[in-house]
Amino acid sequence: MADAGPPPGAHRGPFVGRDVELARLRGAVDGAWAGAGGLVLVTGPAGIGKTRTVEEALDGVPVPVVWGRCVDDPGAPPLWPWRRVLRARPEVATAVGDALAAVDRHPEAADPEAARFRFVSAATEALVAAAGPGGLVVVLEDLHWADPTSLRLLVHLAAELHRSHLLVLGSYREPAGPHGSPLREALPELLRWPGTDVLELTPLAEDDVRRYLTAVGPAVPAPGTVHVVHRRSGGNPLYLRALASAGGTPDDAPASAALRSAVRAALAALPGETVGLLTVAAVLGEEVRPGLLAAVAERPEDEVHRALDDAVHAGVLTTVPGSPGRRRFVHAVVRDGIYADLAPSDREALHRRVAEAWEATVGVDDTSAGVVAGHWLRASADTDALARAAAWARRASAAATRSLAFEEAATFLRTALDAAERAGWDGADRAALLVEVAGTEFRAGRFAEGLAHAVTASETADGPDRADLLVAAALAVHDVAAPGFPPAAIALCERALAEPEVAASPAVRARLLAQMASSHADAGRLGTSSQLAATALELAEGAGDPEAVLDAVRARMKVSVDALPPEERLRLGLLAIEHAAATRQPLVELWGAKWRIDAALETGDLATTEEELARISALARRTGLPLVRWHDLRLRASVAALVGRFPEALALNEQARDLGARELAQDMSTAGMSGAFLLQHALITGDPEFWDDDALQLLDLAGDIPIVLVTRALVAFLRGDRDDAQVRYEELRRRLAEPDFAASSGVPTSLVPLVEAFEDPATAEVLAGLIAAHPLAAGGAGVYGCGATAGLLGRLAVVRGALDEAVAHLGTALDVDTGTGARPALVHDRTGLAGALLRRARPGDLPRAGALARAARQEALRLGMPGPARTAAQLADAAGAAGRAADPLTVREREIAGLVAAALTNRQIAEQLVLSERTVESHVRNILTKLGAANRTEIAVLTSARG
C-alpha cells in the first residue's frame, strides 16, 4: 500500500502491496454479509496508509458503506464520528434521536449511568437493525481522537457485532498526546469480544517501493535509488510519496523534511488566492467547510470550491470518503505544517475571524459550540473574547449533558472556567460556574476534582444567591467513599446549614443532613450518622419532597440498618420503590426491593422475598442496566445457596462475576462480592477448593476495612496456614473493643469459625452479645444466604462451655431453618447440636446425638458438603462408641432389659427368647445390680433414658 491520500502533484497515487491485509478486510465484509459481523481495528503509525487500505478493500463491495471520522479538535461535539453515520442512515438517526428525546422527557440526573446505558442500547439496536439482512459497513477513522461517548457506544456495539450483519472498521494510531487516553482505556474492552480483530499495517517492503517508484517515475528506478528511498522513508507511504516528488531534497535530510518540502512546493505552484484560502482552512481545522471558509475569507463560495479543487489536484487536500463535496487536508501533518508557518498575531486574528463567522452561522445548533469556544480561546486574550469563549463552552457542556456525554461536558466546563478566571470573574458568577463544574465532574466519575471545585464554589459564593449556591455546592458530589471526602462534605453541609434561608426549608435541611449522615457513615462514625439520618428522614417525610425523601431514606438505610426493625425497613423499601417509579430512577427501585428482601429474610418471610426477587428480575429485563442485572444475579445466587441449590447458586455467581468484569469493570466490589460468595461457600461446604486464585489476588488489593481484615484471616485458616490465621485473629480480637469495628456489617458473624478454631470463650461471649442483639431467621442477601443466627449463638455457647444454652439455641435454629427451608444451615444445626449433646452426655443425649449426626451426614452428602459430612460421620461414630462405653450390660442383657421395659414377665421373656425362666431371672438380677436399679420399674426408666 503506497497511499493514504493523493500524493503531492497527483490526485490519486498508485496502490502497492497489502495483499494479505486486503484479503482479511474483504473476508470481514463477506462475514458481515453472511451474518457474522465484527469489528476490525486497523492500526499503524501516521502515514502508513490506513485510510487508503480501507478504501481499496471496500471498493466494489456488495454492501452499503458509511464513513465517520474523528477530528483533532477538543471543541468537537460528542459522538462526532457517529453523526455522519446517522446522517447517512436516517433510520438510525431517528432511533438515536428518539432515545435522547426520551431522556429529555424523563430526566434521570440521579441515575446518569442508567440514562447513558439506555441511550447506547437504543443506538446499538438501531445500528444492528440497519445492517440486516443485506449488511452494512461503518468506517470510523482516527479513533485515537475519539471522544469518550463515541468510544462508549463502540464498546457496547462491539459486544453485539459477531451475531449481526454489521461490520465496523476503525482506524487508529498510538497517539503521543492526551487525546489518546480515552482510546487506551477502551481498547481492552473492545478486544475482549469474539468479533474483534486487529489489523496492524507494517512498513512497505523494498519490492513495494520499487513498484511505486516505477509507477510514478518516467523510468525504471536504479536498484541503489530504491534502496535509499526505502531506507529514508522507512517504508512509510506518506514519506515515500514526499521523497518521490521532492527530487531536490538532500539525501541525508529526514523524510519529514521531504514531506514539508513537497507541501511547500505544492503550495508554491498554486495561485496566491488559493494559498490564502488554505491558510484560513488550516485555522478552521483538518476538515474544510466551504461555506464557512467563504464567509471567513469573504470570497464567493463557487470561487472557493474551484480553489479547493485545485488544492486537491495539487495533493494538499483530498476528498472525504462517503461525503461528496467535502474536503480535508491530505494528512494531519500537512495541515499542522501550514498552521505552524503562520505568525502568532496572524493566527490569533484568523481565529477571531473564524469565531465571529461561525457565531453568525451556528444559530441554535449547539453541536459546534465547543469549536467556537476553542476559536475564541485561541484568539487574542482580551476580556470580551474570553467571556465569549466561556459562554460558548457552557453551551457546549449543556449540549453534551443532554447527549449524556458527561466526560465531554466536564471538559467543556473546565474550558469555560479557565476562560472565566482569565477574564476576572469572581463572586456569584464564578461560584455558579464552579458548582456546574463540580456536578458535571461528579457525573463523569471525577470525584476528587468535583469535590475540589465544590469546596472552591462554597468559599467563593457571595451575594443574594449565596444560600442557593452553598446548598448546590454541598450536594454537588455525594456518596463517595473516598479518603478526604467525608470531612470536606460535612464542612460544606455545615456551611450551608448556617444560612437562615436554609434553616427555614425542611426539605433542603433534610437533604443536607442526609448528605452529612452518609459522610459520617463513610468515616466510620455510625452513632452520629444514625442520629442525623433519623432527623433527615423525619424532616423529608414531613416536607413531602420526593428528592429529599429519597436522599433521607438512602442515608437512613446506609447508616443504621441493624437499628431499624424489619417492619420499618419494609416500609422504607416500599417508600423508595414508590418514589423511584414517580421520578423514573430505576436504581432507587433496585435499592428499595433489596432492602425489603433483607428485612423479609430476617423474619423468614419467603413470600415477600420471592416477590421482591421477581421485581428485581423484571427491572433487569425492562432496563437492561448492568448494575441491576448484576444485583439480580447476586440476589438469586444468594437465595439459591440459602436453600441448598448449590449448582444453580455457583452458576449464578459466575455469571455475576463475568457481568461485573465485562460491564462494571471500574467497580472492584463486584468481583469482591463474587469472591466473598466463594469464601462463604467454602466455609459452608467444607471444600476450600472453591476459593480461587482470582479472588485471593483481589483480596490482596482491597483496603483494610473491617470485613476484609476478617476475610484475610478466614482465608489463611481455610488454606491451612494456622499460624498466619492466628496472628491475624489476635489483631481482630483486639479491635473488637472498637465499637465501630465490632458493629461493621458481617464482622461478628464471620468471626464465629475463627472463634471455634482457636477455642476462645472470651471472644465467643463478646460475639454472642453482638449477634443476639440482631436476631434473624435468615440473611446474606446479595452475598451468600445463611440460616438463623440462633445456630451461631449455639456454636458460640459450645465454645463457652454453656452446653444447656447451646442445646437450646441449636434446637431453635433447627425449627427456624426447617421453616425457611435452609437445608445447608440445617446440616450445620444438626452437627452442632450433636456435638453439644455428646459433650453434655446426659441420659438420652448420646442416642439423640447419634440420630442427629446420621441425619446430618445423609443431607450433607445429598447437597455436596464434604466437610460437614465428615464431621457428622465422626460424631455418629463417637456417639455410638460413647453409648457402648457407658452401657455395662451385655448384648443379651440389653435385649432382656428392653423386654422388661416393654412390661413382659420373666416367663414371657423366656418364651420369646427360647430360654429357661431361671436363666431369665438370673439375667434380670444382673441387670438390677449393674444399673443400680431397685426393681423392674426402674429398669424400664433407665433403659428408656439410655435409649
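Analyst: Let's take the labels one by one, setting values against definitions. This is a predicted model, in which local features need pLDDT of at least 70 and side-chain atom pairs count only at pLDDT 80 or more, while totals for chains, interfaces and linings use all residues. Residues are numbered from 1 along each chain as its sequence is written, and side-chain values use heavy atoms, with hydrogens and water left out.

User: What makes Arg52 count as buried?

Analyst: Buried means under 20% relative accessible area, exposed means over 50%, and partly exposed lies in between (1.4 Å probe, protein chains only). Arg52 has 3% relative accessibility, so Arg52 counts as buried. Glu56, at 19%, is buried as well.

User: Why is the pair Arg907 and Glu917 said to tie parts together?

Analyst: Their side chains meet in a salt bridge at 3.6 Å, N to O. Arg907 lies in helix H46 (residues 906-913) and Glu917 in helix H47 (residues 917-931), so the pair ties together parts that are ten residues apart in sequence. Arg907 has 53% relative accessibility and counts as exposed, whereas Glu917, at 32%, is partly exposed.

User: What makes S1 and S4 a pair of strands?

Analyst: Two strands pair if DSSP finds at least two bridges between them. Strand S1 (residues 38-43) and strand S4 (residues 166-172) have six bridges, so they qualify, and they run in the parallel sense.

User: Why are S2 and S5 placed at the edges?

Analyst: The five strands form an open sheet in the order S2-S3-S4-S1-S5, with parallel pairing. Strand S2 (65-69) and strand S5 (196-200) each have a single partner strand, so one side of each is left without a neighbour in the sheet.

User: How do you know that the pairing of S6 and S8 passes the cut-off?

Analyst: Two bridges join S6 to strand S8 (residues 327-329). The definition asks for at least two, so S6 and S8 do pair. These strands run antiparallel, and Glu287 stands opposite Arg328 in S8.

User: Why are the buried residues of H9 said to be on the same side?

Analyst: The buried residues of helix H9 (residues 223-233) are Val226, Val229, Arg232 and Ser233. They cover an arc of only 140° around the axis, which puts them on the same side of H9. That arc is taken from the directions between the helix axis and the C-beta atoms. On the other side of H9, Pro223 and Arg231 are exposed.

User: How many disulfides are there in the whole structure?

Analyst: A disulfide is a pair of cysteine sulfur atoms within 2.5 Å, and a search of the whole structure finds zero. Cys70 is buried, at 1% relative accessible area, while Cys786 is partly exposed, at 34%.

Methods: Helices (H or I, at least four residues) and strands (E, at least two) are DSSP runs, numbered from the N terminus. A salt bridge is a side-chain nitrogen of Lys or Arg within 4 Å of a carboxyl oxygen of Asp or Glu.
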